Amino acid sequence: MSEDYGANFISLTDEDGNVFELEHLDTLEYNGETYMAFFPTVEGDGDSDVTDIDLDDGDEEAGLIILKVVKVDGEEQLSTLDSESEAEAVYQQFMESLFDGEDEDE
């Protein structure tokens, strides 16, 4: 399978055993931490093992999902961000990174 074409998809399993499909957009280093940005996949063919993403933070829509890479027992795992201020700062970094090249192309 070529990585030159198409999106990178990952499956994550939460503490309750629910499986979530996410499309990886970008990875960046910020303030000594590694962050990854994802979009939730659109449920399509009725795969019963995949759960709709339910963000219990009051958001009306599930947009960009940012997770932090953390080490747990020597193994890298993805974790939610610690604070709203961290989330906002990292979100701005991703927006700059994702849209930086658009202005240069014109």
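**Close-ups around K68**

**View 1. K68 and E86, side chain to side chain.** In this predicted model, the side chains of K68 and E86 are joined by a polar contact of 3.1 Å. That pair also counts as a salt bridge, with 3.1 Å between the closest N and O atoms. It's a link between distant parts of the chain: E86 belongs to helix α1 and K68 to strand β4, 18 residues apart. E86 counts as buried, with a relative accessibility of 15%.

**View 2. K68 and D82, the other salt bridge of K68.** Here the side chains of D82 and K68 meet in a salt bridge, 2.9 Å from N to O. D82 sits in the loop between β5 (75–79) and α1 (84–105), while K68 is in strand β4 (residues 65–72), so this pair ties together parts that lie 14 residues apart in sequence. The 2.9 Å between these side chains shows up as a polar contact too. Buried or exposed: how do the two partners come out? D82 is exposed, at 63% relative accessible area, whereas K68 is buried, at 7%.

View 3. Zoom out to take in both pairs, and the count comes to two salt bridges. Shared partners join K68, D82 and E86 into one network.

**View 4. Who else touches K68?** Leaving out residues up to four places away in sequence, K68 touches E33, T34, Y35, Q77, L78, S79, L81, D82 and E86. K68 is buried because its relative accessible area, 7%, falls under the 20% cut-off. Over on the M36 side, the C-alpha atoms of K68 and M36 are 6.3 Å apart, although 32 residues separate the two along the chain.

**View 5. Strand β4 and its partner β5.** K68 has its place in strand β4. Strands β4 and β5 run antiparallel and are joined by five bridges. Which residue of β5 is the bridge partner of V69? That would be L78, a residue that K68 touches as well.

Key. Residues numbered from 1 in each chain as written. Predicted model: local features only at pLDDT ≥ 70, side-chain atom pairs only at ≥ 80, totals over all residues. Heavy atoms only, no water. Salt bridge = Lys/Arg side-chain N within 4 Å of Asp/Glu carboxyl O. Helix = DSSP H or I, 4+ residues; strand = E, 2+ residues; numbered from the N terminus. Buried < 20%, exposed > 50% of the residue type's maximum accessible area, 1.4 Å probe, protein only. Pairing = 2+ DSSP bridges. Contact = heavy atoms within 4.5 Å. Polar contact = N/O pair within 3.5 Å; in protein donor to acceptor, adjacent residues only side chain to side chain.
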